[in-house]
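Reader: I should like to learn how to read a strand, a helix and a chain contact from a model. Would you take me through them in turn?

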Amino acid sequence: MTALGRITATESQASARTCCLHCGTPTVERFCCAGCATAHALIQGMGLDAFYRRASGPVGALKPDTLPPVPLAPHAQPARDGGWQLDIMLAGLSCGACVWLVEQALMAEPDVTHARAALTTRRLSLRWTGERTRADDFAVSLARLGFRAVPFSQPCLDAADDAETKSLTRALGIATFGAMNVMLVSMAVWFGTDMGEATRALMHWLAALIALPTILVAGRPFFRAAFGALLARRANMDVAISIAVLATAAMSLSEALRNGPYTWFDGATALLALLLAGRVLDRAARARAGRAVAELLALQRASVRRMLSDGITEEVPADQLEVGDRLLLAAGEALPVDAVAETGDALFDLAAVTGESVPRTLLRGAGVPAGAVNMGAAAVVRVTHPADQGSLAAKARMLDAGLQARSRFTGIADKAARIYVPAVLLAALAAFVGWMMLGGAGWREALVPTVSVLIITCPCGLAIAVPAVQAVAVGGLFRRGILVASPTALERLATADHAVLDKTGTLTEGRPVLLPGGWSEDALRRGARLAQASRHPLAQALAHACPGAPAATDAIEEPGQGIRAGKARLGSAAFVGAVPHADDGMAIWFHDGDEAPVRFAFADPPREDSPQSAARLRALGLGVEIASGDRPAAVKQAAREAGIAHWLAEATPADKAARISALVAMGRRPVMVGDGINDAPALAAAHVGASPASGTDLARITADIVLRRDGIAALVEAIAVARRAQHLARQNIGFSLAYNLLAVPLAIAGVVTPLIAAIVMATSSLAVTLNALRAGRPA
Amino acid sequence: MNALLLLVPLALLLGLLGLAGFLWALKTRQYDDLDGAASRILFDDDQPRGADRPRDAKERRG
């Protein structure tokens, strides 16, 4: 063994002592959790441990979830050969080795006939013979390996089977083929000065033979968009491109007919190929972000369990629920529709609906709004509104107006095109009239300088200026966990001048943390043992504060009250028999036998980076304020700690949206950050909406930007990148316009040959593309 | 001139073959998972993965 090999071997041993053998999370033992140990044993048992030598995904991505697997069997479809088939979205599929592991593990099942996973779309296509219910077994084995399997939902499908990307890619292939072959012929004409008349005519017609079908097929994406714009009486970049390409083709055909010195088919096809390449890259960057958003949605969009009359439950999608259906809501599940509680003392987290940070105990018969998360034991609720009529749908309707206003936003490229297209057409007309009237040329000769104006001002650099910058910026943000979903979001973000922030989960951690004082280490450890048995956020926070404590095996949870194990009790003051404290909203009590009751108090602390991020937002010139549904005291404290002067507490969804509308009416361009259902109307009404990845479905659908990293530091970064992208796009447009301004007199004078036009086009495109690459660098 | 009559159609034919290959690859979804394809070639296994397995091989196993 070489010295180098020994060093790496020792290094890997050292890291094996400190990192989990399965998921790579730093840990003191071999594995960070029981799930990782199971997964590791499973993989070794199947003889697939080559996986660990090849895995290259992010640290911690493979840690198995503790959530129960989503039932997959109802989604299985009968296959043509008599078995079953199913498409699954696999969360955690992060590297090539994961693909290999999943495929190998599933193919080891005797009845699986086909298993193929795609890394780009995280889609697993599965076919098997035998029982339909085997799908659930596969979900369980995948969950053991550390992958969460959910049905490949409609948004995922839309994002994966992206017909537009496909047709653009096809057009790009055809245009590139045409451009290269036409160039082959054109080169001969450019440099073959001793070429005979007949040979030149042959070359011209050969070029026409290749170029005309190419233009007709590959130019369709532009022609279609241009036609749409003209119908709406607008001029956009596609109109400019279509005019340049079609006029060039027509003029070249006329030159071929009269056997002139040059045809310009090469320019037209090369232009198409270049522009299509820009479009494909732009689209690919956004499609990747769109797929990531669809994945997040699929992970949350689980079906619900409906109770039948005989006590059996069945899985149904939320949109098939009817009024009067009884649902069984397990701990941690979110309610998709409005309902009333049938179980007494059910504990619901309403943070997503109202912004309250403390869960509320709902009595039997109390209304439970859609979006509430069950924090206690399994609860039964009765549906009061179908999915399309309840409070969630009402909020969704509030979104429409805002979203429509947003779709009317015109990007900088189209703004430039509105001035540019008429200007170029005027210049071309001037060239034509000038040559006919003053130059005494025939219409055919006059057509040559006219079209060379069109082709030299051809918005090649201009058309690629903005998409190139956006593709690079969106790609760069994606790598840093910021997903830009809407096409104009980046430009809108660059112009934002005011930030309205939600409190819970945005400025604060969004989860309670144990405050010091009033308890001893011993009480904490014994309390934490009980706390591990509950999903109540305060109990979880207590367990989190003492990670080493073993779970109490005989713990029994009394829903809405507390946990008891033997004589020890953990829960509300009344449950443990203590004297209630004045401020018990964020506290739990522990009482063991004859000892004095101990009170654990919690608070939702601000994120460490909140004050700096708020300061950086102000430094970027944005006004900062808070709009929260939480209690005034909590909001005031969070505002003080983050150094934000303006705040709004106990705000309803309508209040938040009204605040945004007021800002818009004042001429401000607000960016709204929020994660709850109660934030969705405000997100839609805002100039730009941003939502954390952990937010609710509705918030993420409405948001233009999804932040996969916690806190508002990501927002600051996104604004900085968006502003620089906007600056670079302006620079690019300015550069292309200046370049064209210099070239137009040459074209009008009639001294431009196809060779010069090609050089001008290539250099300007190259310049703007290189400039665009600067957009992806960290701010 | 005679050389052109042969070479130009030949060049076009080869180009068209390439284009046909590209369109076929696009149609058979080979462009759908570029990231996966990039890492897939690094795994060399005895048994073909992903492809449909012949039934008799499965029966021998079970």
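**Reading strands, a helix and a contact**

Author: Let us begin with one pair of residues in this predicted model: L328(A) stands opposite V380(A) in β14(A).

Reader: In which sense do β8(A) and β14(A) pair, and over how many bridges?

Author: β8(A) pairs with strand β14 (residues 379-383) of chain A in the antiparallel sense, over four bridges. Strand β6 (residues 304-307) of chain A also runs antiparallel to β8(A), joined by three bridges. There, L328(A) is the bridge partner of R305(A).

Reader: Why does the length of helix α4 (residues 96-107) of chain A agree with what it should span?

Author: At 1.5 Å a residue, with one less than the number of residues counted, the twelve residues of α4(A) should span 16 Å, and the end C-alpha atoms are 17 Å apart, which agrees.

Reader: How many residues of α4(A) are buried?

Author: Eleven of its twelve residues are buried, so that α4(A) is mostly covered. Among them are W100(A), E103(A) and Q104(A).

Reader: How many residues does each chain bring to the contact?

Author: The size of an interface is often given as the accessible area lost when the parts come together. Here one may count residues: 27 from chain B and 26 from chain A. On the side of chain B that touches chain A, α1(B) gives the largest share, nine residues. By class, that side has twelve nonpolar, six polar and nine charged residues.

Key
Residues numbered from 1 in each chain as written. Chains lettered and ligands numbered in written order. Predicted model: local features only at pLDDT ≥ 70, side-chain atom pairs only at ≥ 80, totals over all residues. Helix = DSSP H or I, 4+ residues; strand = E, 2+ residues; numbered from the N terminus. Buried ≥ 20, exposed ≤ 12 C-beta atoms within 10 Å, placed from the backbone. Contact = placed C-beta atoms within 7 Å. Nonpolar A, V, L, I, M, F, W, Y, C, P; charged D, E, K, R; others polar. Pairing = 2+ DSSP bridges.
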